[in-house]
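Hi,

Here is the model I promised to pass on.

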Amino acid sequence: MSDAIPRERWSSRGAFIMAAIGSAVGLGNLWRFPYIAYKNGGGAFLIPYFIALLTAGIPLMILEYGLGQKFQGSAPVALGKANRKWGWLGWWALGIGSTIAIYYSVIMAYCWNYLYHSFKMPWAGNEEAFFFKETLHMSKDIGSITEIVWPLVLGLAVTWALIYFIICNGILRVGKVVMITVPLPILLLVL
């Protein structure tokens, strides 16, 4: 008899799909992709994008989900069970995911800062100068980095606290959160 903790499951297929979409479609797809597509030829840019999506992106995603479902484990466990030599590749995938989570947490700290400033300053002027001078407190050179930007530290602490409280109760709460947070950026862009 095994003393293993039972594996958590998604509350619904919709919650899993929304979580998968949320992990695959990042802020770059909403903010940066339309601009890059326009800058590099508009519709012509979509041809190599869809070729890469259909020949690499979707097949690799199906392979990853299939291995995870078959072996009922994380990326390192599933790839290690498929072939012992591939376990490192699963750790590589987790490392990339962790890097993206850290990067997006910093972006959310910027967003908290902008939200705070949006209530007390007009939306006019030089936004680039505001970002570098007021938000980042950018120094003149690398030797003069001595200042901690407390509003960003506070925004980062709020972001990580929210992440902790969302995942501390497991996959069921994550499923509820992604049902709101995944469609929200699209809705805000439409508005």
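A quick one to start with: is Ala93 buried, partly exposed or exposed? With a relative accessible area of 37%, Ala93 is partly exposed. The cut-offs here are under 20% relative accessible area for buried and over 50% for exposed, with partly exposed in between (1.4 Å probe, protein chains only).

Before the rest, some housekeeping. This is a predicted model, so local features need pLDDT of at least 70 and side-chain atom pairs count only at pLDDT 80 or more, while totals for chains, interfaces and linings use all residues. Residues are numbered from 1 along each chain as its sequence is written, and side-chain values use heavy atoms, with hydrogens and water left out.

Overall picture

As for extents, the C-alpha trace spans about 65 × 50 × 40 Å along its principal axes.

Of the 191 residues, 17% count as buried. The protein exposes about 14,800 Å², and carbon and sulfur atoms supply 71% of that; the areas come from Shrake-Rupley with a 1.4 Å probe, and for residues only the protein chains shown count as cover. If you look at contacts (heavy atoms within 4.5 Å) between residues at least 6 apart in sequence, 53% join residues at least 24 apart.

On charges, there are 14 positive and 8 negative side chains, and the centres of the two sets lie 14 Å apart. Lys and Arg count as positive, Asp and Glu as negative, and His and the chain ends are not counted. Each charge is placed at NZ of Lys, CZ of Arg, CG of Asp or CD of Glu.

Helix 5

Ala93 from the opening question is in helix 5. Trp92 and Pro76 are 16 residues apart in sequence and 8.5 Å apart in space, C-alpha to C-alpha.

What about the buried side of things? Ser105 is in helix 5 and is buried at 2% relative accessibility. Leaving out residues up to four places away in sequence, Ser105 touches Leu156, Thr159, Trp160 and Ile163. Asn113, again in helix 5, is buried with a relative accessible area of 5%. Beyond its neighbours within four places, Asn113 is in contact with Thr135, Pro151 and Leu152.

Aromatics

The structure holds six aromatic pairs. Rings of Phe, Tyr and Trp (its six-membered ring) pair if their centres lie within 6.5 Å; planes under 30 degrees apart are stacked, over 60 edge-to-face and the rest tilted. Tyr103 and Tyr104 have ring centres 5.6 Å apart and planes at 40°, so that pair is tilted. Tyr103 counts as exposed at 51%, whereas Tyr104 is partly exposed at 28%. Tyr164 and Phe165 make an edge-to-face pair, 5.4 Å centre to centre with 70° between the planes, and Phe165 is partly exposed at 49% relative accessibility. Trp10, Phe16 and Tyr65 form one aromatic cluster.

Tyr103 belongs to helix 5 (residues 87–118). The C-alpha atoms of Tyr103 and Ile148, 45 residues apart along the chain, are separated by 18 Å.

Which residue has a positive phi although it is not a glycine? That is Gln72, at about 50°. Most residues other than glycine have a negative phi. Gln72 sits in the loop between helix 3 (43–71) and helix 4 (75–82), and is partly exposed at 33% relative accessibility.

Cheers

Terms used. Helices (H or I, at least four residues) and strands (E, at least two) are DSSP runs, numbered from the N terminus.
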